[in-house]
Every structure is written in C-alpha cells, then in structure tokens.
Amino acid sequence: MSEHHFAKQTEPLISPELSSDPDRWVDEHADFLYRYALIRVRHREVAQDLVQETLLAALKNREGFGGRSSERGWLCGILKNKVCDYFRKLGRETSMTDLDGLAGEFSEKFVGGGWIHLTGPKEWKPESDEVMHRAEFWATLRRCLGKLPDRVAQVFVLREVDGVSSKEVCEITSISESNLWVMLHRARMGLRECLEVNWFDRPSGDRK
Amino acid sequence: MAAPHPNPRPASDDSLIQGRNWFTARFEQWIGAVTPSCTRVVRLISDALERPPDWRTRLTMRMHYLVCCYCRRYEKQVHRLRRFTISLPEHIDEVMPDRLDEAVKERIKSCLRDSQE
C-alpha cells in the first residue's frame, strides 16, 4: 500500500497501512458496487446513494478492513447491509399492494384450474446446463428479472440470488411468510415463462 | 360433426397416462379427481423450494405428474431456474452494461473528501 503514503500525508491520524485512497475506491470499485446495488434495489438514484453511503461508512470504519478479505469483498459486505437497511425502511413505508395487481396475471394460462395444453410449459432444450456458458443467456435472465414488479423482484433476489433464508427475508422486508411465498411463486412463474418465450422456445439464432 | 375439444392435447404432450382408451380415460379421470388442480400444484412446487412438503403432498404431486406433463415440466424448470439464479452474480458483470456516470463519481469523491475534513 506504499503508493498511498504520498497521497494521504495530510492525514496524520490514519496510519499508512490503513489509509486507502477513497478516490481510488471510486475508480476501482464504484461501478461494481453500483451494479450490485442496482440489480437488487432497481432504482438508479437509490443505487447511487447506496454506493455513496457505503463508501462513506467504509471511510469511517477503515479499521474494520483488516486485510482479511479483498477490499472489494469488504466494501460489498458493507453495501449488502446498506441494501438490507433500505429494504427495512421501504417495508415500513409501503404497503403490500403489489400483490393484488399480480393475482390474475397468469390466469390466461389456465382453464378450470388446469393448464391450457397448447400454451402450457414446453420441454426445454437442451436439457444440459450448457446455456450457463452463454453470455446471451444471462442477459436474457437479467431482462426477465427486470420485467417483474419491484417488490416481487426484490424479495426474489434476496431469497434466490443472495440465499437469505425465508425468515430473514420476511424480517428485512416486513412481509408475512405467506405473502413472501406468494411473491416467490409469482416470480418463479414469471421468470419461467419469460425464459421459455425468450430463450428455450426460440431457434438458437433468434435468442435474445 | 363433433365440437372441437375445449382443451386439446398437442402431439408434444408426453404425459404417461392419457385417456386414449376406456381404461386409461377412467384412470386419468380418477387421478384428476384425487390430486390437486394444476394451479394448486404449481404453487406447491414453489412452496416445496421453501419447505419440504410432507409425504402425502409429495405423493399427490407425483400422481398428478402421471397425467400432466405440464406440471412435471414446470417442476423441473423451476428447479433449473433456481440453479440459474444462484449463478447469476458470477455473470452479472458481463451482461449488465450499467456504469456510474462520471458526474456521480465526482460527486461521491468530493463527498468522501468532505467527510475526511
């Protein structure tokens, strides 16, 4: 870390090995942190604010970074907590009205409680997971995630991408477990349908 | 001429039991009567990812799959979806073009400098 001795000589309170140039944090990690926040909170301004809050908190608590993990991992951990704080605040401020709008969303796929056979789930080819090596596939999944309503996508990402337990997701977002399960079900249904339409049911040259 | 079937099975329907003759038709009907509806089964499939269902629920789901290849496919695909989403963070940087505006970066830098003074 010797290159920072010169940059931060005006800060006698911070020992040289702890000093990291905040400008460099922004240059090296801000885009990564921004994307991390954006996929979770889905609003550009909120994501920008969270990145700023994260770096401010990091600056105040530089001793917390003992070099045990990578600098990026450490910042990411702080951001993760900031994202959860944001959801906690949001949970108290908004009511669960997203769900009502979703109730009948897929009703056109069913008749009398059963799948309409002609439009029901098709066999996905290929069966192997080679798609996971295709960048276009991840772009499709990301776009499909973007089509979900905000709250549904937020709890889905917390649960499935971050692997937070159901109980904790309920606590963070202030929703009941039964509401969470309905939301996760809607998310899975929406994503499955979207992936089928935009990827698996398309000729490989036409996938997007 | 008979009216068209209200919910015809396409050729790709590979449900194990289909009402092609009198016997299988009765069997299909019976399974349909004793297992939950498809709308219920897809919900059970999702809930099973949150908490493992009891054996009775598992049994009725399995029986339902005998007559409904759509719910069977749905279950398989939702499990695949879970595997996909777990791996999403590894790939997100490749497919997410979003960057912070330079102006925002400058704002954050000056904010960080201010806080140090």
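This is a predicted model: local features need pLDDT of at least 70, side-chain atom pairs count only at pLDDT 80 or more; totals for chains, interfaces and linings use all residues.
Two packed helices are described by the angle between their axes and the distance between the axes. In chain A, helix α7 covers residues 150-161 and helix α8 covers residues 166-173; the two pack at an angle of about 140°, and their axes lie 10 Å apart. As for handedness, the crossing of α7(A) past α8(A) is right-handed.

What do the two helices bring to the contact? On the α7(A) side there are A:R151, A:V155, A:L158 and A:R159, and these meet A:S166, A:V169, A:I172 and A:T173 on the α8(A) side. Sorted by class, the residues of this contact come out as 4 nonpolar, 2 polar and 2 charged.

Now for the empty space. Rolling a probe the size of a water molecule over the atoms shows where such space is left. The largest pocket has a volume of about 440 Å³. Its lining is made up of 23 residues, and those nearest the centre of the pocket are A:G114, A:H117, B:R9, B:E28 and B:C38. Two or more lining residues come from each of β2 (114-115) of chain A and, in chain B, α1 (22-34) and α3 (55-67). Of the elements, α1(B) gives the most to this lining, with 5 residues. Looked at by class, the lining of the largest pocket holds 10 nonpolar, 11 polar and 2 charged residues.

Technical notes
Residues are numbered from 1 along each chain as its sequence is written. Chains are lettered from A and ligands numbered from 1 in the order in which they are written. Side-chain values use heavy atoms; hydrogens and water are left out. Axes are lines fitted to C-alpha atoms, for helices over the stretch in contact, and angles run from 0 to 180 degrees between N-to-C directions. Helices (H or I, at least four residues) and strands (E, at least two) are DSSP runs, numbered from the N terminus. A crossing is left-handed if the near helix is turned anticlockwise from the far one by less than a right angle, and right-handed if clockwise. Contact means heavy atoms within 4.5 Å. Ala, Val, Leu, Ile, Met, Phe, Trp, Tyr, Cys and Pro count as nonpolar, Asp, Glu, Lys and Arg as charged, and the others, Gly among them, as polar. On a 1 Å grid over the protein atoms alone, a cavity is a set of points where a 1.4 Å probe fits but cannot get out, and a pocket is an open set with protein on both sides within 12 Å along at least five of seven lines; lining residues have an atom within 4 Å of a point. Grid points are joined across faces, edges and corners, and a volume is the space filled by probe spheres set on the points.
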